[in-house]
Structures are given as structure tokens and as C-alpha cells.
Amino acid sequence: MASGSSCSSSFLGKLFVSLLVVTATLSPVFSLPSNQTFRPQKELHKLRRIRAHLEKINKPAVKTIQACSFAFLFCFEYNLYCVPSHIQPAFDHPELKGQKPLDLPESHRPNGYDSVDEETQSIQQWAMSGESCPNGTIPIRRTTEEDVLRATNFGRFGRKPRRMMRRDSEGSGHEHAVAIANGQQFYGAKASMNVWTPQVNPALYGDKYPRFFTYWTTDAYQATGCYNLLCSGFVQTNSKIAIGAAISPRSSFIGRQYDISITDPKHGHWWLQLGSGVLVGYWPAFLFSHLRMHANMIQFGGEVVNSRSSGFHTATQMGSGHFADEGFRKAAYFRNLQAVDWDNNLIPLSNLKLLADHPNCYNIRQGKNNAWGNYFYYGGPGRNVRCP
């Protein structure tokens, strides 16, 4: 979500699903720090390892779509590959080899799901041109050598930095402004969040656009898990959503607000639903230990990595980059926080515990009304006079 800058919104315990927002000035990919010596053999070995890894994760495609991420009048091009769904990276997993994606559940909306609640949905920019992948394929953003070289550690490419996660969500270098529900058995969750473009480090994608992404881990980022489809795990079933692709439109300060709805309905595996009923794919239950049957904690909110590499707190913004106290059209929000119970009913979440690790850097404020149900504003600018 490189050093010192990641942002995400997350829920379902250790299963993280949300928006990765990446914004910053790009720097040359191939330049070496002044105190490093160029060693041809070492660099050649590294390049061979990178190419072998790319060959593994970049599956053969039946169609290539040249996509654009727009900023003002500029177009930043990247490629989406339409890959047969049964050879996507998930099926490199020993327990999935030779299988095919599951059929979509017949009724995937939890009881009580109200599509009228959905406001204007954010759309992935690549789909605006009318391009699409054929049936039986899924769109995957092509990973390039430049993508891997941006990572500070090739071995950790596509993963978050290692950390130990405690139940209070605190961890070394990671700062949060989150709302937590626990003490029950949860079979899914739902919330709507508005889309912003905060300033953070563009290590994973190399540009400044907010994105719809997934992340999973079973051991607090030690050895398992990854973003999107960069390892075997998440099984994508939708041919019209590109995980990791830019989304648009975005909310603007004192302007119009755009949000997206995320749902994890109850279907044995952890299915991911975007907007008003679009199933994106699922995490097989066997990936997890504590999440095989249900979750005991749901967490919504923002996360930022603060490595203090420059000796100061990171200037990475969370949400809109404005504090929660500023409210609607200024701060980021989550609204209509709900959970799925054992009988597949959507129930409102109450008695939420609010946690802000460093409230002078990022904070959180909750509320409740008839239109938004249980909601909260969250975020902040990062480094400022009260957050040195």
C-alpha cells in the first residue's frame, strides 16, 4: 500500500481488501545511489531472477488491451492481458492445480442488501473505452521489470513489509486509524468508502492513481500473501474488473464525493463483491486457519507505513489527507458498516472500538444517522507541526 509509504483500507481480520492509493513524484528506475558500486555479475543474476519470476506470474494471454490512466490531459499507458481463468496465478497453488474457478453462487447478496443505497460508482478507467476480455478469461495487469525494480527488496516484491500484528492492530512502522468490531462470529462484511487520491509512494504501480486492490496473509506478512494476483491465492472470476487497475472518478475537496461498496458475502469461501452485486472472485477457505469458518474481528479504516527513513514522520497522506474532524467533502469516510451473520443476514455494526495509533498524524471520528447508518471519518496529512 517504498519505504515509509503505504495506504490501505481494510476489514475481515487479517484479510485486507481495499483501495491502494499511490501518488508521488517518480524517480528514475535504473539509477544507483551514489554510495553503491555497479557489479555486472550481481546485477545480471538479479535480472535473471526477475525475468524468471515474471515468466511465472505473467501467464499467456489470448488478448492484450492497451489501457490508460488519465491525469488531466496526460495518458499513462499500461497493458492488461486477458488470461484464461483456469491458468491464472491462483492455480499454481498445490491445492488448486488442475482445477477451475468455482461457479458463481446462485444468490450472492446477503439478506437485507439494499442496492438503492449505492451512490455513483467509481469505474475503472480502462473499461470506459468499451474494451473487454472474452468470456472465460480475466484481465490481469502485466507486471514489468520496472515494476519489480522499484521494490526495495526483490524477495518482498508484491508483499507488504514484515511486521508482527497484535490484536490492537499496532505494529512496528504501521500506523492506523480504524474502527474495530469483535466479540462475535462474522461470516462477511459490507461498507461503502469514498475514493480519494492522497499523496503516497508509488512503489508498486509507478504512478499516482487510486486503485481497487486485494491483499491477503495468514501469518502477519511473514511468508504468505501478496497484493492482487501476484502470487497463488485469490481466484478471480470476473472478466470485467482488473484488480490493481486505476479507478475513476475520485472525490474532490469541497466537491462531489464518489464512493464504492465492498462486500464479503457468506458462501463457504471468502467472496469479494464490488458495488451493487458484482462478484470479483474469492479466497479459498483452505488458505486460512482462523478464517476457515468465520472471522472474530472486522476492521475498517486506513493504514500507512511509516519507516522514518529520513528521520521524520512520513508525509504519506491517509484518506483525503485531511483530519476526520473536517467532516463531509473534506475528510475520507466509511459508511453503512455492516456484518454478515450465520444466517446470511446483513446486520448493522455497533459498539465499535476506534483506534488511532498517532492521532496528531491520522485520526478518526464516528457517527450514526438514518442515511449512513454507522459511519466514521478518518485520515490525516501525516507529517505536520504536531506530527514531526
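Start by selecting Arg-211 and Tyr-205: the charged end of Arg-211 sits over the Tyr-205 ring, 4.1 Å from the ring centre. A charge counts as over a ring if NZ of Lys or CZ of Arg is within 6 Å of the ring centre and within 35 degrees of the ring normal. This is a predicted model, in which local features need pLDDT of at least 70 and side-chain atom pairs count only at pLDDT 80 or more, while totals for chains, interfaces and linings use all residues. Residues are numbered from 1 along each chain as its sequence is written, and side-chain values use heavy atoms, with hydrogens and water left out.

Next, select Lys-160 and Tyr-215. Lys-160 lies over the face of Tyr-215, 5.0 Å from the ring centre.

Now turn to rings that pair with rings. The structure holds 17 aromatic pairs (Phe, Tyr or six-membered Trp rings with centres within 6.5 Å; planes under 30 degrees apart are stacked, over 60 edge-to-face, the rest tilted). Select Phe-300 and Phe-334, an edge-to-face pair at 6.0 Å centre to centre, with 70° between the planes. Phe-300 is in strand β17 (residues 295–305) and Phe-334 in strand β18 (residues 332–340), so the pair links distant parts of the chain, 34 residues apart (strands are DSSP runs of E, at least two residues, numbered from the N terminus). Both Phe-300 and Phe-334 are buried, meaning under 20% relative accessible area with a 1.4 Å probe, protein chains only.

Move on to Phe-376 and Tyr-378, which form an edge-to-face pair at 5.8 Å centre to centre, with 65° between the planes. Phe-376 counts as buried because its relative accessibility is 0%. Tyr-378, at 4%, is buried too.

Finish with Phe-328, Tyr-333, Trp-372, Tyr-375 and Tyr-377, which ring pairs link into a cluster.

Conventions
Helix = DSSP H or I, 4+ residues; strand = E, 2+ residues; numbered from the N terminus. Buried < 20%, exposed > 50% of the residue type's maximum accessible area, 1.4 Å probe, protein only.
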